[in-house]
Structures are given as structure tokens and as C-alpha cells.
Amino acid sequence: MTTEATTAVTTRATAGALSLPARGTDRPLLLYVNIPFCNSKCHFCDWVVDVPVSDLRLAPAAPRRVDYLAALCTQIRTHAPALRAAGYRGEVMYWGGGTATVLTAAEIEQVHACLAAEFDLKALAEATIEGSPESVDLAKLRLLRDLGFDRVSLGVQSFDETRLRRIGRAHSAGQAVRSVEDAHAAGFDNINIDLIVGFPDQSLAEVEQTVRRALYLPVNHFSVYSYRATEGTVMRRQIERSGTAIELEHQLRSYRLAGDMLSAAGHPEYAVSYFGAPRCLADEAYYRLSMDWIGFGTGANSLINQRYLLNGRGRMRDFTSRPAEFEVDLPAGVPSLTVQWLPRALGTTEGIDAATFQRRTGTSLRAACEEPELNAFLTRVNEFGRLVVDRDGIRLADEDRSDVLSRTFAAMGWVS
């Protein structure tokens, strides 16, 4: 879940290897790798809205794609020694994008070998790679299992052929089914699929049919997202031109229908949008700040030793020319950052732990909640639900967290 809250901050860049104090010898770390390539620029997607199509769809042999992967490995090699010296060890690995599986087998092996040379990947508790149905086959999935990936997340979005065409996906419903079956045949027992519900013209019958089809597949985890009309996307422009209204109540009904079906089938919701078991440890890191993370690649952010680092999205050429440099280097407790993390944490069953928040950001949870924007947000949350605040932290009472947060975001003028 993201917000379009105020994010303007005074930024400063850092170049060269990270400077980190030695603090213990067992600090779990999420290793995130960003692959900014896709086979198509989906009409709904805001993750690559800033990436030019000419960069997004670079062919494997294209010089800029070759240069990007080389720069990615340079960044890994530059900062890994400082992370190891500070006591960090890889606990979780996540390759996202873009679409990580658009890489060829040779490119996957290139990046993986670089990581394996710097971190003990054999000790990972979870290793996930994101993919799209048209970018995987049985051979590639078997390679990924051999390399140690034990979880695959496939961007299915829908099993309706007409819907897939409308939203600009590069795969068919048949390819979506086959990709899941191939993943299972390749040895993946931990498989997630992404689904989107609540499109303006999507009936509840279509939502039901999509979820029902998903439940026939060997999938143990589902990520269900309500459609958001994010600025700059093709679908946002189409909606504005047509004058179509995005109805919050329709989106809430669509999400509840999907959630009720998944829960009834034995896939409980443990955080807004996330259903099933085991939980995704990478998402736990982001949503509950359960561990620090380092993001390699353009568009990747990091939370390291109470510092927030970022390489901006859509600037692949800048990253390639200066791979050791982070464009943004800020104290992790600045209000513009905490206003992103707190709403996410409230979407989980446990909420946010005060001690964990202090440890990750260097700021007390109480002080963060007194910031004007967060205070206004929490006041709105209490209008639609009930916050539980105690010495341990903040959480939403046992109720429909998605409903409460969606209504709050709408009232605040944010996009959830």
C-alpha cells in the first residue's frame, strides 16, 4: 500500500562505499534487486510510469541493458563489504522490477553470481523472484530453483482475456495458468499470484470468476490489490477522457468479495492485500520494519542503520553512469518517510511495534504520530475504525482494515 502524501524532502547524495558502524554480528538484512525491464508497459502500472518505453523494453543484447546489469553488479560489489563489516547477513532476498524474469538465463546467473560472491545466499530464509506469465517457462523456472529461489510471485492480474487486453498485459489467460503449473512442476511450493480487482467497469461476477479460477491452481499466497488510478498511467488518462467515475463502494465490495472467497478457501488475510501462508518475509520487512533492507538498482530504496537511501525511478542512465552513488541519503525518521510507513503497518494484523519503529528510524513512534500529517491521518482513521494505542505500539482493532484504510485514504485525497 502506498500513499500520495507529502514526500518533498531536502535530498543529498552519497557516493562511494557506505560508511557504517560495526554493531553486532547478526543483523538480518533484506537484499532487494531491481530489474527495470518489462515486455509491456501495462496501462494500470505506476511502478514504471517514469521509465521510457525505449528503456523498459530493451532487448537482452542492447548496450544500455548490458550496461545496466554491469552497473548493478558494481553497486553490489561496492557496498557489500561495508554491510558485512557492520554485521549484516542476508536473511531474505527479493528480485523485483519491472519484471525480474524478463532476464535471460545468462543474465540471471550473472547477477546471482555477483550476489553470491558477496553474501551467503545459502542461509536465506526466503528468496523470491517476481515474474510475468509470458516471461517464464519450465526451463527458466528450474534454473531459478537450482539457484536457490524458493518463492515465485507471478503477475497474473486477471484470467479474463478481455480484461488482460484492456489493461495492456503481454500474456493470455492460458499463459497465466501454464506459468503457475510450470512453477509447481519446477519445484516451487511457495507460489504467489497478483490479482487486481475494482476496475471501474468490472462486475462482481468477473471478480468472482477470476478468484474462483485462481483457487484451482497450486497457489498458496495471493496478493489482491484494489485498482488505483495513479497519475501518469494510461488507464488514468483513459478514465479522465471518458468521464468514468471511480466508485469507492464498488472497489470495497470487489475487494471484500475476493477476500471472503480466499479466506473461506483457507487463505486468511494477514495484511491488507495479502492472503495465505507462509507470510512473505520481504513484505514483512517493508510493512512492519521487521529488518533493515538494502536496495540495489535504479528505483530501489534502502533502510540501513537508520538511514534512508534511494535511487530514483526512471533514471536508469543516471544510475548506470554513477552506480555507487545513492541519489537520496536521509535520516530515516524524517516525517515524509514515516508518513509512508505508518499507514502500511496499520494494514497488518499486528500493527507497528514502538520499539521496532524506534530501532529502525531513530525516532520514537509517539513523536512520529505527533507530526501534523500523520496526526491528521490517524484522526481520520479513528473516524472510520478504532485505533488501539498502548505502550507497545499502534494497531487497528479487529475489523475490516482494508475498508477503514481505503476510506481514510479517500478522505485524505491519497491513493491507496
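Predicted model: local features only at pLDDT ≥ 70, side-chain atom pairs only at ≥ 80, totals over all residues.
Residues carry numbers from 1 along each chain as its sequence is written. Local features need pLDDT of at least 70, side-chain atom pairs count only at pLDDT 80 or more, and totals for chains, interfaces and linings use all residues, while side-chain values rest on heavy atoms, with hydrogens and water left out. Helices (H or I, at least four residues) and strands (E, at least two) are DSSP runs, numbered from the N terminus.

Cis peptide bonds come up at two sites described here. One joins Gly97 to Gly98, with omega near 15°. Gly98 sits in the loop that runs between strand E2 (88–97) and helix H3 (105–118). The other cis bond leads from Ala277 to Pro278, and its omega is near 0°. Pro278 belongs to the loop between strand E8 (274–276) and helix H10 (281–288).

Ser273 is buried (under 20% relative accessible area, with a 1.4 Å probe and protein chains only), at a relative accessible area of 9%.

Gln306 is partly exposed, with a relative accessible area of 30%; partly exposed covers the range between buried, under 20%, and exposed, over 50%.
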